[in-house]
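Biologist: I'd like to learn how to read strand pairing and ring pairs in a model. Could you walk me through it?

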Amino acid sequence: MNRSTLSLIAAAVALAAVTGFAAVTAPGGDSVKADAKGPARLPVERSSLLCPAPSLSDLAETTYTTYTPKGSGDAGAKAGTAGSAVLKPAVTPLTDGAPAKSTDKADKDKDKKGKKGKTPEKPDPNKAVVTLKEPGKPASATADGSDAPALAGSADGPLAPGWAAQQTTVVSAGDTRAVLGARCTEPDTDFWFPGSSTAKTRQDYVHLTNPDDTAAVADIELFGKDGVIKSEVGEGITVPAKSSVPVLLSTLTSAAADDLTVHVTTRSGRVGAVVQASDAKAGADWLSASADPAASQVLPGIPGDATDVRLVVYAKGADDADLKVRLAGAGGSFTPAGLDTVHVKSGMTASFDLKNVTRGEAGSLLLTPTSDGGKTPIVAALRVVRGTGDKQETAYIPATAPVGDRSTAADNRAKGSTLAFTAPTAAATVKVTASPGTEGGEPQTKTYTVKAGTTLAVEPPVPSGLKGSYALTVQTQPGSGPVYASRTLALPQDGIPMFTVQTLPDDKGTVAVPAAKQDLSVLDD
């Protein structure tokens, strides 16, 4: 074995030690050389994803869609490595914080029609729910009712780089009627969820899913407008191996708070974490974690017809945060009325009512420190409402990382998808590829340019001859400025503008291998 191969293995071992699940090699076993410009990038060999249990309603209809774009992992396929990408059930044990079955009248009526008379089958953790067979072609599966499980899975070989999965749930009636969409997430040890609530009209659950063979132990902290909310109940929550545990936030405190920031960390192991936020009057959706705390944040893709928008911010540092708020629209950026600057006290959650800030034109919110506001790290999210009266629907837009090299929204339909791009600092160019459909169709590609300081909202390309659902992959083009993106999926029913929004951060399909000071590939032991 030559020394360059040993160096690559050492780098991979170090990476695995840090992440716990990512691994890299040169496709086909070739040695990789880093040039003077910086470290080489290699496709990951293994990826892990976790999807929460979809819904408590027996009326729920869930679609799981999984996809790996063609690209950096193709060399492995050419070398004869087929790879695999499989999502399997994660068992949900009974816990004090676990949700009860839905008590909606609509669900009870459906029960009377005979759906329930059978004892539901316990999910088989060894049976695949959805399996992806090749890059560039999505796969999907469906599940009905409240017994659909959380999922955990992994991809390896050419299916690992950029592997994405999405679950989309439609609840057509009852108090929990909504479209709930979630990007299945990688396991981690630290998550922030501004925009959660323990208000009387809300039922918010933190879903914790453990992909590993040993138990994980997690802590949940709550931060309100006056700082930390003490709760010993949120400490030391055990998440058994290959299992998912939902925790109702209102069981962690007796305080009813409209706006909270939830902080999930693990003492041991790692989990996937996401919040299911349900409002008695305005539907429900999944609240994904905010981007890591930073002095500036971007929240892309507020729909143009939003009737109410609420910003929730938490300041993590030792100092208060003073922030400039800008809305980037189609023609440029401006300051929303009354929000020249906002002040967020250290260790506290603050909320700001933006009302119908977009006024018919899709936009993105840009948060940056004032000139004398310091560099206090923040996390942020938007609660977005469409519709009025008894026909309201809610979605959430957390702060997100840029698209980077590439990102994918796995589940799109023939109609209803909108992509929103924003380029806060410099003009950006992105290429959007529509995959073949799950049941047929030919891919389509289109390139878009986003002016600096604006938001561009587009109806994305659709595969020709589409059958089934399809994936959209966004790639930042060479020479482009940083671009942030989200995908809105609208599935209106009975006059209710039901929708869900997912942000599109970099898919982490490649990792950097530290550059060697000299090329040792010709030296053999």
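Biologist: Which residue in β8 does Glu61 stand opposite?

Modeller: Keep in mind that this is a predicted model. Glu61 faces Val170 in β8. Zooming out, strand β3 (residues 60-67) and strand β8 (residues 164-171) pair in the antiparallel sense over eight bridges.

Biologist: Which strand is joined to β3 by six bridges?

Modeller: That's strand β6 (residues 139-144), and it runs antiparallel to β3. Thr62, for instance, has Ala143 in β6 as its bridge partner.

Biologist: Why is β3 largely enclosed by the rest of the structure?

Modeller: Seven of the eight residues of β3 are buried, so the rest of the structure largely encloses it. For the chain, buried residues make up 53% of the 525 residues.

Biologist: And ring pairs, how do I read those?

Modeller: You describe two aromatic rings by the distance of the centres and the angle of the planes. Here the count comes to five aromatic pairs. One of them is Trp192 with Tyr314, stacked at 5.1 Å centre to centre with 25° between the planes. Trp192 is in strand β10 (residues 190-196) and Tyr314 in strand β20 (residues 306-315), 122 residues apart.

Biologist: Are Trp192 and Tyr314 buried or exposed?

Modeller: Trp192 counts as buried at 6% relative accessibility, and Tyr314 counts as buried at 4%. Tyr314 also pairs with Phe223: the centres are 4.8 Å apart and the planes at 45°, so that pair is tilted. Phe223 is buried too, with a relative accessible area of 8%.

How values were computed
Residues numbered from 1 in each chain as written. Predicted model: local features only at pLDDT ≥ 70, side-chain atom pairs only at ≥ 80, totals over all residues. Heavy atoms only, no water. Buried < 20%, exposed > 50% of the residue type's maximum accessible area, 1.4 Å probe, protein only. Helix = DSSP H or I, 4+ residues; strand = E, 2+ residues; numbered from the N terminus. Pairing = 2+ DSSP bridges. Phe/Tyr/Trp six-rings, centres within 6.5 Å; stacked < 30°, edge-to-face > 60°.
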